[in-house]
Amino acid sequence: MSGPKVKLATCLLNISEARNKAVINKVIEAAKTAIETNGKPGAAVLNAFVDPEYNRSVITISGHLPDLETAVIGASKEAFALINMQNHEGGHPRLGSVDLIPIHPITEETSLEDCGVVATNISRKLVQVVNGSSFFFFGHADAQKRGLIQRRREIGWFDQTINASKIPDSGKFVPRFGITGVGAAPYMSNFNISLDTQDMAVGKEVLKNIRERSGGLVGVSGMAFPHLDGLEVACNVDMFEVDAANDFHKKHLEAGTIEIIMGTFWRTKFEVIEKVVEKVAGALGVKVSGESIIIGFTPEKARELTLNAIHMQKSSLVTSLSSSHM
């Protein structure tokens, strides 16, 4: 990676609202206000992706670690005030008004430990200012370094029911706010592909062929949801460090399905995921419809935009709310 040596991180803030644009804009404004408090913006809101059918938005906030922390707290505080989970409806799993606060390094100088500190600071400070907010930790914010999927499974996120035996890691659970996942992990890209079918069996077959846990692609997990008039295969594509002793990693390294992204971190190529989905769905007589969607940005693009925004002293690059490819 070329450019200045600086610690930067990104948060893909997931909130449970996409139908009320006024709410989303207020959350963005709250982030901007927090960023501008110090007089010299050290972070920026890069993008806001909204999906009205899922009733879920992803707001990308990025910057120097202290400034990012302040911005995410400001945005989250506003989201908690405006989004009532007891009234929420949508097609995507969720358990919190602010459903996910993941902190990802986007420069080699930023460690996962750095991001873990930011994540735990955010939860600690939000518990103090939002009475009733509660959090579960994952990744480098979690003492056991458990992954997001494992923690979501333990909490009950996939079943949409809080596991009463699991006490939040921070705060006290209140139904109005739900529970929020907060943590630190290598950059995770959200990559969604639409299929021209409503047959969930097709979605399950596609998932079986792309998920790492079933022998598919390295660092890829996913779910399939009814979306518009078809199915959407929603993939989480994690960065990872290649393990030379791992036969699965070696197989994909030799096949050229993965690429180095930042420092020692690799990622499965988006075009590889797309080709596998097209092949599996095609064998079942189903086509991919429309363009694949990257929600937010790749870490490379997030880094570039963040440095430019800080240089230009812009607290936000958002000009509209997007629901299409970044």
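Is lysine 208 buried, partly exposed or exposed? In this predicted model, lysine 208 is partly exposed, with a relative accessible area of 46%. The side chain of lysine 208 meets that of glutamate 205 in a salt bridge, at 3.3 Å from N to O. Glutamate 205 is also partly exposed, at 28% relative accessible area. Both residues belong to helix H5 (residues 200-210). They sit three residues apart there, so about one helical turn separates them.

Glutamate 29 is partly exposed, its relative accessible area being 42%.

A further salt bridge joins aspartate 99 and arginine 56, with an N to O distance of 3.0 Å. Aspartate 99 is located in strand S4 (residues 98-105), and arginine 56 in strand S3 (residues 56-64). The pair therefore ties together parts that are 43 residues apart in sequence. Aspartate 99 has 1% relative accessibility and so counts as buried. Arginine 56 is buried as well, with a relative accessible area of 8%. Buried here means under 20% relative accessible area.

Salt bridges also link several residues into a network. Its members are Asp142, Arg146, Arg151, Glu154 and Asp169. In general, side chains of opposite charge can pair when their charged atoms come close. The count for the model comes to 15 salt bridges.

Terms used:
Residues are numbered from 1 along each chain as its sequence is written. This is a predicted model: local features need pLDDT of at least 70, side-chain atom pairs count only at pLDDT 80 or more; totals for chains, interfaces and linings use all residues. Side-chain values use heavy atoms; hydrogens and water are left out. A salt bridge is a side-chain nitrogen of Lys or Arg within 4 Å of a carboxyl oxygen of Asp or Glu. Buried means under 20% relative accessible area, exposed over 50%, partly exposed in between (1.4 Å probe, protein chains only). Helices (H or I, at least four residues) and strands (E, at least two) are DSSP runs, numbered from the N terminus.
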